Amino acid sequence: MKNHRHEIILEIINEKPVSTQEVLIELLAERGIKTTQATLSRDIQQLSLVKQRDNDGNYRYTLPTEAVEEKNFFAEAVISVDYAMNTIVLKCRAGMAQGTCVAIDAVNHEGVVGTIAGDDTIFILVRSEADAKRLSRKFRSELFTGG
């Protein structure tokens, strides 16, 4: 249930500007998900959502989008990095794969075709084995050195 709620929260904030938890609770209810403010507050923290100004100067919930944020996710979430042919597999702490995957997507790494995340695993499809090797090396460096 929590993972589904997290997915819907991410969809909502990507579709429209959401400036308050109250608005987010209403938008979740419109999609059939009833939640409390306390639960939503925990969800926001677990997803590492931040309030940032948009192009119109209004504050809205967003995901961290810079490489620095990706490194923070790695230090906290990723347990291991491996690859086979042109697929990279990241093992994460339970419940942290989706937020980490969104941060990876936001960086637009060269050679990445697409990503998919479950509860504790991320699959990253890249164009070639050379891309997998290069990106795995980068991810390992972030994992073991904190960036």
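Select T62 to begin: this residue is found in strand 2, which spans residues 59–62. The model on display is predicted.

Leaving aside residues up to four places away in sequence, T62 touches I13, S48, L49, V50 and Q52.

Now move to L125, placed in strand 6 (residues 121–126). L125 has a relative accessible area of 38% and is partly exposed. Display its neighbours: with residues up to four places away in sequence not counted, L125 touches N86, T87, G111, V112, V113 and G114. Then select M85 and draw a C-alpha to C-alpha distance to L125; the value is 9.5 Å, across a separation of 40 residues in sequence.

For the last stop, select helix 2 (residues 21–30) together with helix 3 (residues 37–46). How do their axes cross? They come within 10 Å and cross at roughly 100 degrees. Angles of 65 to 115 degrees count as roughly perpendicular, and helix 2 and helix 3 therefore stand roughly perpendicular to each other. Show side chains at the contact: helix 2 contributes Q21, L24, I25 and L28, while helix 3 contributes Q37, L40, S41 and I44. Coloured by class, this contact between helix 2 and helix 3 has five nonpolar and three polar residues, with no charged residues.

Technical notes:
Residues numbered from 1 in each chain as written. Predicted model: local features only at pLDDT ≥ 70, side-chain atom pairs only at ≥ 80, totals over all residues. Heavy atoms only, no water. Axes fitted to C-alpha atoms, helices over the stretch in contact; angles between N-to-C directions. Helix = DSSP H or I, 4+ residues; strand = E, 2+ residues; numbered from the N terminus. Parallel < 35°, antiparallel > 145°, perpendicular 65-115°, else oblique. Contact = heavy atoms within 4.5 Å. Nonpolar A, V, L, I, M, F, W, Y, C, P; charged D, E, K, R; others polar. Buried < 20%, exposed > 50% of the residue type's maximum accessible area, 1.4 Å probe, protein only.
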